[in-house]
Amino acid sequence: MTERSYPALLRIEGTNCTVVGGGHVAFRKVNSLLDAGARVTVISPVLANGLAEYASNNIIIWKEKRFEADDLAGAVLVIAATDQPDVNVAVWEAVRPGQWITVADRPDLSTFIVPAQVRRGRLLLTISTEGASPGLSRRIARELAVQYDDTYDIYTEWLADSRKIVLKQIDNPVARRIIFAGLLTDEFWLIACNNDRSAWDAELTKLMCKAERIE
Ligand SMILES: C[C@@]1(CC(=O)O)c2cc3[nH]c(cc4nc(cc5[nH]c(cc(n2)[C@H]1CCC(=O)O)[C@@](C)(CC(=O)O)[C@@H]5CCC(=O)O)C(CC(=O)O)=C4CCC(=O)O)c(CCC(=O)O)c3CC(=O)O
Ligand SMILES: NC(=O)C1=CN([C@@H]2O[C@H](COP(=O)(O)OP(=O)(O)OC[C@H]3O[C@@H](n4cnc5c(N)ncnc54)[C@H](O)[C@@H]3O)[C@@H](O)[C@H]2O)C=CC1
């Protein structure tokens, strides 16, 4: 397998995803699948604490059993995360065309890799070393989490609102570019940090008027 992956964000809300194994690695992967709105089935004779709680609250479907090939029917994504290397390989062998798989202890067999992530509302930062050093990905994610703190949640949301308005009201592409660049300056970021929506709207109006004069 080439070491260069194609980065993409998967829209898996409502799709079936199957995780084989119920330990701490499975728990972490299940959490990110649930965050993305997937319907998660876990195949494992035993579940670690967090997963057992999900199962008893029907947040996941638990099949209390050892893995068998037909457990993967209907799954879009598969994660093999047992502590038994031969079972993980058996999961990989059972995957059919169209199913994507991560084998937790065999990056060489995996057809997708789970990156470390920092989420701030609709801003999603993902970091990967393509398996070279998951610990480095984790460390960089922690560093970025400090730099891109919670204020980026509101900032990203307000940028999205403003972008819609600009795309609707401003036809001139040059004016649009000036406005989009203006919204990315510290001035707007600071207004978002202060959670001052009326100041934001007032500055946006000013920026739009100024840019329209350039038209
Ligand atoms: C290829 C990949 C496949 C995949 O799982 O998609 C993979 C493979 C392996 N990980 C191993 C070990 C560890 N992985 C972590 C942590 C994370 N691992 C994640 C992803 C990935 N791990 C993919 C590559 C992503 C990339 O390169 O960027 C993260 C980013 C995302 C997530 O899991 O959600 C998450 C951090 C999330 C966060 O906290 O922010 C820790 C730290 C910890 O657990 O505390 C350790 C122990 C320390 C160490 O070994 O470094 C081992 C050896 C197992 C063994 O020795 O038995 C293998 C197998 C191998 O290398 O052969
Ligand atoms: N990719 C990653 O992010 C990481 C991968 N790993 C690798 O992930 C694997 C799992 O690690 P942990 O979660 O810490 O192990 P763990 O020991 O906590 O959990 C293993 C789970 O596999 C289940 N299991 C065992 N045989 C099974 C079978 N035949 N069918 C279904 N389930 C079965 C057990 O019931 C248990 O729930 C290890 O191979 C480890 O090398 C470890 C750290 C990070």
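In what order do the five strands of the open sheet stand, and is their pairing parallel or antiparallel? The order is E3-E2-E1-E4-E5, and the pairing is parallel. This report describes that sheet and its surroundings in a predicted model.

## Overall form

The secondary structure of the protein consists of eight helices and seven strands. Along the principal axes, the C-alpha trace spans about 70 × 40 × 30 Å. The radius of gyration is 22 Å, whereas a compact globule of 215 residues would have one near 17 Å.

Buried residues account for 26% of the 215 residues in the protein. Among contacts with a separation of 6 or more, 48% are between residues 24 or more positions apart.

## The open sheet

The five strands of the open sheet follow the order E3-E2-E1-E4-E5. Strand E3 (61–63) and strand E5 (100–103) are found at the edges; each has a single partner strand, so one side of each is left without a neighbour in the sheet. From one strand to the next, the twist averages 15°.

Within this sheet, strand E1 (residues 16–20) and strand E2 (residues 39–43) run parallel and are joined by five bridges. Cysteine 17 has valine 40, in E2, as its bridge partner. Helix H1 packs on the sheet, where it touches E1, E2 and strand E4 (77–80). The direction of H1 makes about 165° with that of E2.

In general, the strands of a sheet pair through backbone hydrogen bonds, either parallel or antiparallel.

## The hairpin of E6 and E7

Together E6 and E7 form a hairpin with two residues between them. Glycine 121, in the turn, has a positive phi of about 60°.

Threonine 126 belongs to strand E7 (residues 123–127), and glutamine 117 stands opposite this threonine. Leaving aside residues up to four places away in sequence, threonine 126 touches Pro115 and Gln117. Is threonine 126 buried, partly exposed or exposed? Threonine 126 is partly exposed, because 15 other C-beta atoms lie within 10 Å, a count between the 12 or fewer of an exposed residue and the 20 or more of a buried one. The C-alpha atoms of threonine 126 and isoleucine 140 are separated by 9.7 Å, the two residues being 14 apart along the chain.

Which residues come nearest to ligand 2? Of the 22 residues around this ligand, the nearest are Gly21, Gly22, Gly23, Val25 and Thr82. The largest share of the shell, three residues, comes from H1.

The shell around ligand 2 contains twelve nonpolar, seven polar and three charged residues.

How values were computed. Residues numbered from 1 in each chain as written. Chains lettered and ligands numbered in written order. Predicted model: local features only at pLDDT ≥ 70, side-chain atom pairs only at ≥ 80, totals over all residues. Helix = DSSP H or I, 4+ residues; strand = E, 2+ residues; numbered from the N terminus. Rg over C-alpha atoms; globule rule 2.2 N^0.38 Å. Contact = placed C-beta atoms within 7 Å. Pairing = 2+ DSSP bridges. Axes fitted to C-alpha atoms, helices over the stretch in contact; angles between N-to-C directions. Near = placed C-beta within 6 Å. Nonpolar A, V, L, I, M, F, W, Y, C, P; charged D, E, K, R; others polar.
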